[in-house]
Amino acid sequence: MATRRPRLYTLPASHPCAAVEAALALKSIDYDRVDLLPMSQVLIGPLRYGGATVPGMRLNGERLVGSRTIMRRLDALAPEPPLLPPSGSPTRPQVLEAERWGDESFQSVPRRIIDAAFLRHPEAMLSYAGEAKLPLPIGVLRPTLPLTARLMAFKNKATDEAARADLAALPGQLDRIDAWIAEGLLGGELPNAADLQIGSTIRLLLTIGDVRPLIAGRPAAELIRYFPAQPGEVPAGVLPAEWLASTAGG
Ligand SMILES: N[C@@H](CCC(=O)N[C@@H](CS)C(=O)NCC(=O)O)C(=O)O
């Protein structure tokens with residue numbers, strides 16, 4: 001085990017950060033969390049943990065960037081319970097592939113949809129702060145919300161077209177996740193790395209009032225049981241109704 005507590009760098013409501021926090025809790029690893037302000041990780045991250053995105057981690061001087069890198073390191077640090085099936089197991093590559101898809105494809109979906117919503121309703125961003133210990137009071141942050149929403153949308157390439165396409169593709173992606181659950185690859189009693197990667201994305205999507213009906217009642221919605229309740233809500237009706245029409249029947 002490490003001699004010093006790991007330090008995890010996060011942003012409020014960041015789903016890959018939630019995935020890593022769930023892994024730390026699963027393995028009973030104590031850690032210190034540093035909550036950054038949205039966009040500040042671009043400057044602070046390279047100095048503190050060697051990257052410009054969160055999650056980042058310092059572990060006894062080691063710098064780790066990225067949810068999958070951190071997950072692999074946590075399994076080495078505290079092997080039980082494992083986040084992956086054992087080496088040689090036929091399901092190990094499948095779980096790794098589901099985790100990769102969850103990170104490289106699915107993770108960006110709520111980012112673009114929520115950014116499109118924040119552009120229309122910046123005040124909703126505050127609800128996601130939860131109990132984060134932010135370095136500035138909410139009253140100071142409130143006037144900056146519209147600009148922060150624009151910067152985040154720019155950074156995440158969250159154009160209206162992209163968000164609309166994400167919504168249209170979501171039912172198919174949920175079918176894929178439901179099929180993995182039916183196969184037993186996801187949704188076990190204890191989560192694997194793919195459950196945490198994909199479940200954290202589902203959990204964030206469920207906070208978007210207009211998106212929730214697309215997920216509620218599906219097996220995929222059950223993956224949020226590995227996590228504490230997520231603060232934050234974008235009220236239904238913020239996204240244009242015609243964007244949701246393309247998901248009808250999905
Ligand atoms: N896929 C990577 C990237 C994570 C990522 O993009 N995190 C977002 C917050 S959810 C971030 O740091 N965004 C800021 C940026 O891209 O500048 C991972 O899982 O670690």
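**Pockets, ligand and backbone**

Student: How many residues lining the largest pocket are nonpolar, and how many are polar or charged?
Tutor: A pocket is an open set of points on a 1 Å grid over the protein atoms alone, where a 1.4 Å probe fits with protein on both sides within 12 Å along at least five of seven lines; lining residues have an atom within 4 Å of a point. Ala, Val, Leu, Ile, Met, Phe, Trp, Tyr, Cys and Pro count as nonpolar, Asp, Glu, Lys and Arg as charged, and the others, Gly among them, as polar. Sorted that way, the lining of the largest pocket has 24 nonpolar, 10 polar and 4 charged residues.

Student: What kind of model is this?
Tutor: Residues are numbered from 1 along each chain as its sequence is written, and side-chain values use heavy atoms, without hydrogens and water. Local features need pLDDT of at least 70 and side-chain atom pairs pLDDT 80 or more, while totals for chains, interfaces and linings use all residues, as this is a predicted model.

Student: Which residues lie nearest the centre of the largest pocket?
Tutor: Good place to look next! The largest pocket is lined by 38 residues. Helices α1 (15-26), α2 (41-48), α5 (108-120), α6 (138-141) and α7 (145-155) each supply at least two residues of that lining; helices (H or I, at least four residues) and strands (E, at least two) are DSSP runs numbered from the N terminus. Nearest the centre are L11, P12, P38, Q41 and M152.

Student: Which residues are closest to the ligand?
Tutor: Around the ligand there are 14 residues, each with a heavy atom within 4 Å of it. By class, this shell holds 5 nonpolar, 6 polar and 3 charged residues. The closest are Q41, V54, S67, D103 and Q107.

Student: How far is the polar side-chain atom of S67 from an oxygen atom of the ligand?
Tutor: Polar contacts here are pairs of N or O atoms within 3.5 Å. A ligand nitrogen is 2.8 Å from a polar backbone atom of V54, and a nitrogen of the ligand is 2.9 Å from an N or O atom in the side chain of Q107. For the polar side-chain atom of S67 and a ligand oxygen, the distance is 2.6 Å.

Student: Which element gives the largest share of the lining of the second largest pocket?
Tutor: Of the 26 residues lining the second largest pocket, E21, R33, R203, P228 and P231 are the closest to its centre. By class, the lining has 16 nonpolar, 5 polar and 5 charged residues. Both α1 and β2 (32-35) supply at least two of the lining residues. The largest share, 6 residues, comes from α1.

Student: What is the phi of A13?
Tutor: A13 sits in the loop between β1 (7-10) and α1. Although A13 is not a glycine, its phi is positive, at about 70 degrees.

Methods: Polar contact = N/O pair within 3.5 Å; in protein donor to acceptor, adjacent residues only side chain to side chain.
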